[in-house]
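Here is a short briefing on a structure. It covers salt bridges and a sheet.

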Protein chains: 2
Amino acid sequence: MKLASLKSGGRDGTLVVLDQFGDRAVKVPQIAPTMQSALDNWADVEVELRSVYRLLNQGKLNDAFALDIKQLHAPLPRAYQWADGSAYLPHVELVRKSRGAEVPASFYTDPLMYQGGSDMFLGPADAIELADEAYGCDFEAEVAVVTDDVPMGVDAEEARDHIKLIMLVNDVSLRNLIPAELEKGFGFFHGKPSSAFSPAAITPDELGDAWDGGKVHLALRSMINGQLFGDPGAGTDMTFDFGQLIAHAAKTRHLGAGTIIGSGTISNQDRSHGHACIMEKRMLEKLQTGTATTPFLKFGDRVKIEMLNNDGHSIFGPIEQQVVKYERLRRAA
Amino acid sequence: MKLASLKSGGRDGTLVVLDQFGDRAVKVPQIAPTMQSALDNWADVEVELRSVYRLLNQGKLNDAFALDIKQLHAPLPRAYQWADGSAYLPHVELVRKSRGAEVPASFYTDPLMYQGGSDMFLGPADAIELADEAYGCDFEAEVAVVTDDVPMGVDAEEARDHIKLIMLVNDVSLRNLIPAELEKGFGFFHGKPSSAFSPAAITPDELGDAWDGGKVHLALRSMINGQLFGDPGAGTDMTFDFGQLIAHAAKTRHLGAGTIIGSGTISNQDRSHGHACIMEKRMLEKLQTGTATTPFLKFGDRVKIEMLNNDGHSIFGPIEQQVVKYERLRRAA
């Protein structure tokens, strides 16, 4: 099943069921008005939503309409929790290597995770508003899952059962703000502005054999200005699967329905498939030649992130964003 | 005006207007069903809510009922953003001193702030569920403000106008998990489980002269098991006021309506009024005698946090919580 949120009906949008190709949509106010309300009552609404999905795919719903992804919010336009892991150790190893530091042994058993801002996500076609190119704007292509209610102390195996939906993320990062921010000791804030999400949030069964219960075994493809930047495997070198990431998040607290858990930037030991963020390429350049040459994103640049199935179909639909200069009208004095 | 959320009507509770003493309440479904919906439409609903408040205080509302704070959620039972500052530098100075480190000069101009979990807040009388006393459970007594929509790049002065409500917070902290967590570099996660909030969220005018637009000039009183632990001044030694904290949070992104910004643990240079968290007392003990003797919270301990006005009235109502052992029933194999 594929779900999305239309940009209508208020801040939380309007829940729609998409067909399997993401081409057509239908509203389901009789089942749940918003994505969050569906997640709040998932056990009660899932069967009904799946029934609509089946009928939509069979072409039996007269109120279905053609969809343009510009009409879409993030599947959760705002969420109560966005906790992003850093589950691909090749990425962490490269970050450390680039500053001449070792990866602590504990990093292979204890996931890195940060609490992200979730009050205003970007839709799949929304602009990335950037005040200053000097911030070093980067994309990070990731997979994320959405949970129902998760009890404190859940173990990794049980945690997998709490995965209800899967999405793609562009975890926009302002690289030049991050070192000083992390140095302060309280984690990310300015360095992680609003993240963007794929058009569709899908149930795991849509992935067929590519979903093993905790990882997605498909390549995640990123393009900058129409050029392939990388298509590393999302199931490769993921040291912690989503079950482990959820269990980590729930160690000292319950997680509310609609919690989004991210994988972190996808990164493979085998660098031949490129990268899922610019910083990684820059670090390699620096290690190899002494100079990072690939620039961060500039005003006007376009980023596209999507995941294709074996038939070449875009499973979640594309995240397609342009970086624009943010200029604010000041209040008159 | 004083507002609160009843534990009825679903995960977000039911918005109620409280009378000026917090003794009686009235539901306002005709204006806004929940606190978040009121904040989403603040400019449209504020006048109507204030009218209800006036009539309630005049004893003119027949549907008003007596209130027990056990019936209450946090004013926002769950929120889209909880960003907690650390605005009282005496606290930061003591933390640094206790580990033999200097406070960087930048800390006096650039606020510390972390992104907190906001998916499941605790109500003012809800238990603090703790899996293990060895985690070192502490309270942190703070003031927090709730904003409407704040544009990216707002300055500190303008930011003050976005403060719509004020609350008290118990930012529960698991002290013995924090050092290793911060060492990882991504900020707090396990160390900051669910925070609890005061019964009432109040509009700034309720504070009269004690509100200067950016700080609350009253003592915040904390008690453990009925004994006064500290009553430092919330307006004293607050290096960054709420305008500055909001501007900091909005540097690289917009903030959505219902964003909660916390002050951090209140802490005064003058230690004669005690402390707003146990850790601070322990650090002083260690510096003075070599040994921290005041224990962290144990199962069964009670914490009370409140702020009294000059007439001795509890302005926000009390946060009154007990620490209980969390034991989870595992799923049958």
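**Salt bridges and an open sheet**

Arg78(B) is buried, with a relative accessible area of 5%. Buried means under 20% relative accessible area, exposed over 50%, and partly exposed in between (1.4 Å probe, protein chains only). This is a predicted model: local features need pLDDT of at least 70, side-chain atom pairs count only at pLDDT 80 or more, and totals for chains, interfaces and linings use all residues. Residues are numbered from 1 along each chain as its sequence is written, chains are lettered from A and ligands numbered from 1 in the order in which they are written, and side-chain values use heavy atoms, with hydrogens and water left out.

**Salt bridges within chain B and overall**

- Asp12(B) forms a salt bridge with Arg78(B), with the closest N and O atoms 2.9 Å apart.
- Asp12(B) lies in the loop between β1 and β2 of chain B, and Arg78(B) in the loop between β4 (65–66) and β5 (82–85), so the pair ties together parts 66 residues apart in sequence.
- The whole structure holds 36 salt bridges over all chains. The criterion is a side-chain nitrogen of Lys or Arg within 4 Å of a carboxyl oxygen of Asp or Glu.

**Salt bridges between chains**

- Arg11(A) and Asp149(B) meet through their side chains in a salt bridge (2.6 Å, N to O).
- This pair crosses between chains, from the loop between β1 (2–6) and β2 (14–18) of chain A to the loop between β9 (141–147) and α4 (156–160) of chain B.
- Arg11(A) is partly exposed at 30% relative accessibility; Asp149(B) is partly exposed at 33%.
- Asp149(A) and Arg11(B) also form a salt bridge (2.6 Å, N to O).
- Asp149(A) sits in the loop between β9 (141–147) and α4 (156–160) of chain A and Arg11(B) in the loop between β1 (2–6) and β2 (14–18) of chain B, so two chains are joined.
- Asp149(A) is partly exposed at 33%, and Arg11(B) at 29%.
- A network of salt bridges links Arg11(A), Asp12(A), Arg78(A), Asp40(B) and Asp149(B).

**The sheet in chain A**

- Five strands form an open, mixed sheet in the order β7-β18-β17-β14-β15 (chain A). Strands (E, at least two residues) and helices (H or I, at least four) are DSSP runs, numbered from the N terminus. Two strands pair if DSSP finds at least two bridges between them.
- β7 (128–130) and β15 (227–230) of chain A are at the edges, each with a single partner strand, so one side of each lacks a neighbour in the sheet.
- Antiparallel strands β17 (residues 302–306) and β18 (residues 319–325) of chain A are joined by four bridges.
- Lys304(A) has Glu320(A) in β18(A) as its bridge partner.
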